[in-house]
Amino acid sequence: MEQEQLDELTKRIEDGDADAMVELALIYKEGKELAKDLDEACSLFYDAAQKGHAKAMYNLALCYENGWGTDEDLKEAMAWYKRAADAGDTAAMVNLGLSYLAGDGVDKDEKEAVMLFDRAAKEGDADGLYNIGLCHLNGWGLPLNEQEGVLCIRKAAMKNLPEAQNKLGYCYEKVIGVPPDNQEAVKWYRKAANQGYAPAQHNLGWCYERGIGVDQDTVEAVDWYEKAAAQGLPEGLCALGECYRDNTGVKKNLPRAVRYFVLAAERGNRYAAEQLEKKPLKKVYAKMQKMKVKPE
């Protein structure tokens with residue numbers, strides 16, 4: 001950030017401009033234009049929140065929830081989420097709704113979650129639409145309605161939300177609330193995958209490996225699995241392990257297969273742990289442990 005710009009922001013802050021406080025706080029929070037300083041960011045969010053700035057209230061709630069620049073305090077976080085939601089911040093509505101859905105920091109209340117998601121959705125918030133769609137699909141806080149759920153998720157997907165695009169692809173593949181259409185599934189998986197969304201990258205790889213909605217191409221499948229695995233997605237790591245174990249799209253390499261399964265198991269994937277106890281990997285894994293070979 002140029003010194004002139006910083007001086008201008010500082011002057012506006014001295015004049016009590018809440019927008020300037022939030023603007024500078026976000027810069028400190030991200031650490032891109034200035035050195036990252038969560039303490040300063042939190043302090044600025046607090047000052048702006050005291051002036052009734054909805055976005056500042058939301059970000060202050062995030063600070064308390066995650067311990068950014070302040071002590072972690074879930075109760076205080078929920079209080080600020082509520083104030084931000086009452087002030088019309090849709091991101092706060094969604095986060096508060098998720099807290100009610102999980103009973104995290106507040107008493108579990110699916111109906112309250114639905115109400116908050118619905119408020120955000122009516123403001124056109126993509127996350128609100130996506131989460132109200134999930135509530136319809138799963139019967140959380142309202143009657144199960146797959147068709148209505150997919151409709152909400154489609155609206156979120158059209159707003160380019162990768163989670164919604166991936167879920168819509170899954171609905172087409174698994175025939176949830178829509179007719180079966182594997183090509184449509186691949187279309188939506190690809191949209192999310194191209195945004196770097198790891199679960200969609202794995203799902204797209206799955207489609208290429210098996211020829212679901214696309215011509216079978218195991219090399220392309222491995223490419224997408226690698227993208228998902230690079231982000232630490234256990235399913236992507238497992239898929240690569242299987243490819244190296246089974247000579248699928250890559251040359252068979254059991255030690256490398258073991259490494260991927262170990263990385264997935266370390267992330268809590270039970271399937272990966274089970275594979276390490278089965279032939280042909282069990283002996284290779286035991287030898288690598290004896291040699292103290294670590295996963296890459």
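Reader: What span does helix α9 reach, and what span is expected?

Author: Helix α9 covers residues 146-158 and has 13 residues. Helices here are DSSP runs of H or I, at least four residues, numbered from the N terminus. The expected span is 1.5 Å times one less than the number of residues. From first C-alpha to last, α9 reaches 18 Å, close to the 18 Å expected. This is a predicted model: local features need pLDDT of at least 70, side-chain atom pairs count only at 80 or more, and totals for chains, interfaces and linings use all residues. Residues are numbered from 1 along each chain as its sequence is written, and side-chain values use heavy atoms, leaving out hydrogens and water.

Reader: Which residues of α9 are buried?

Author: G149, V150, C152, I153, A156 and A157 are buried. They cover an arc of only 160° around the axis, so they lie on the same side of α9. The arc is taken from the directions from the helix axis to the C-beta atoms. On the other side, Q147 and M158 are exposed.

Reader: Why is R154 called partly exposed?

Author: Buried means under 20% relative accessible area, exposed over 50%, partly exposed in between (1.4 Å probe, protein chains only). R154 has 26% relative accessibility, so it counts as partly exposed.

Reader: What makes a polar contact between the side chains of R154 and Y172?

Author: The pair is 2.4 Å apart. A polar contact needs N or O atoms within 3.5 Å; within protein, one must be able to donate a hydrogen and the other to accept it, and residues adjacent in sequence count only if both atoms are side-chain atoms.

Note on methods: Helices (H or I, at least four residues) and strands (E, at least two) are DSSP runs, numbered from the N terminus.
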